[in-house]
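Here is a short report for a reader meeting this structure for the first time. Please look over the sequence and the model first.

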Amino acid sequence: MKRSINTAFVYAIAAMAGGVFYREFTKLNDFSGRTALGFVHTHLFLLGMVFFLILALFQKQYKLEKAPRYKAFYLIYNIGLAVAVSMLVWRGVTQVLSIPLSPGLDAAISGIAGLGHVMLGVGIVLFFLILKKRIKQS
């Protein structure tokens, strides 16, 4: 449970930093349009902080961290979120700076972001499988 709360805290700090970066970076570059940077803050708050706070509540009740697949879930989910957010930052910075991307690089950013989101999905499925099994055992 403590690990989940610490993870949530790290994501909260990262989300706030992402929000400040978005605001200041767009202001510094006189950018007023939509950019992927606007999603960094919400991804980190909801998929990071809020998810791990909710997870901590389930851990207290069902001891999820003792499940055999828990480490795999934790690793896959966190890597997936880091990859997805990194690609949002990369795409957002190129949008703000009006850096033209080759079709291959544009597709690579989208593909890697997609892989990050797939990893998040796999992590969520693992979470539910772990939760269902622990509820059944209790």
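## Basis

This is a predicted model, in which local features need pLDDT of at least 70, side-chain atom pairs count only at pLDDT 80 or more, and totals for chains, interfaces and linings use all residues. Residues are numbered from 1 along each chain as its sequence is written, and side-chain values use heavy atoms, leaving out hydrogens and water.

## Helix 2

Helix 2 covers residues 37-62, 26 residues in total. Helices here are DSSP runs of H or I, at least four residues, numbered from the N terminus. From first C-alpha to last, helix 2 reaches 36 Å, close to the 38 Å expected at 1.5 Å a residue. That expected span is 1.5 Å times one less than the number of residues.

Helix 2 bends by about 30° at Phe51. The bend is the angle between axes fitted to the seven residues ending at a residue and the seven starting there. Just after the helix, Lys63 takes a positive phi of about 55°.

## Buried side of helix 2

Several residues of helix 2 are buried, among them Leu37, Val40, His43, Phe51 and Phe52. Buried means under 20% relative accessible area, exposed over 50%, and partly exposed in between (1.4 Å probe, protein chains only). The cover over the buried residues of helix 2 includes helix 1 (2-28), helix 3 (70-96) and helix 4 (103-137).

## Aromatic pairs

The structure holds 14 aromatic pairs. Rings of Phe, Tyr and Trp (its six-membered ring) pair if their centres lie within 6.5 Å; planes under 30 degrees apart count as stacked, over 60 as edge-to-face and the rest as tilted. Tyr11 and Phe52 are a stacked pair, 5.9 Å centre to centre with 20° between the planes. Tyr11 lies in helix 1 and Phe52 in helix 2, so this pair ties together parts 41 residues apart in sequence. Tyr11 is buried at 10% relative accessible area. Phe52 is buried too, at 0%.

Phe21 and Phe25 have ring centres 4.9 Å apart and planes at 15°, so they are stacked. Both lie in helix 1, 4 residues apart, about one turn of the helix. Phe21 is partly exposed at 36%, whereas Phe25 is buried at 14%.

## Cluster and charge

One aromatic cluster includes Tyr11, Phe51, Phe52, Tyr74 and Phe128. Arg3 lies over the face of Tyr74, 4.0 Å from the ring centre. A charge sits over a ring if NZ of Lys or CZ of Arg is within 6 Å of the ring centre and within 35 degrees of the ring normal.

Definitions and conventions:
Helices (H or I, at least four residues) and strands (E, at least two) are DSSP runs, numbered from the N terminus. Contact means heavy atoms within 4.5 Å.
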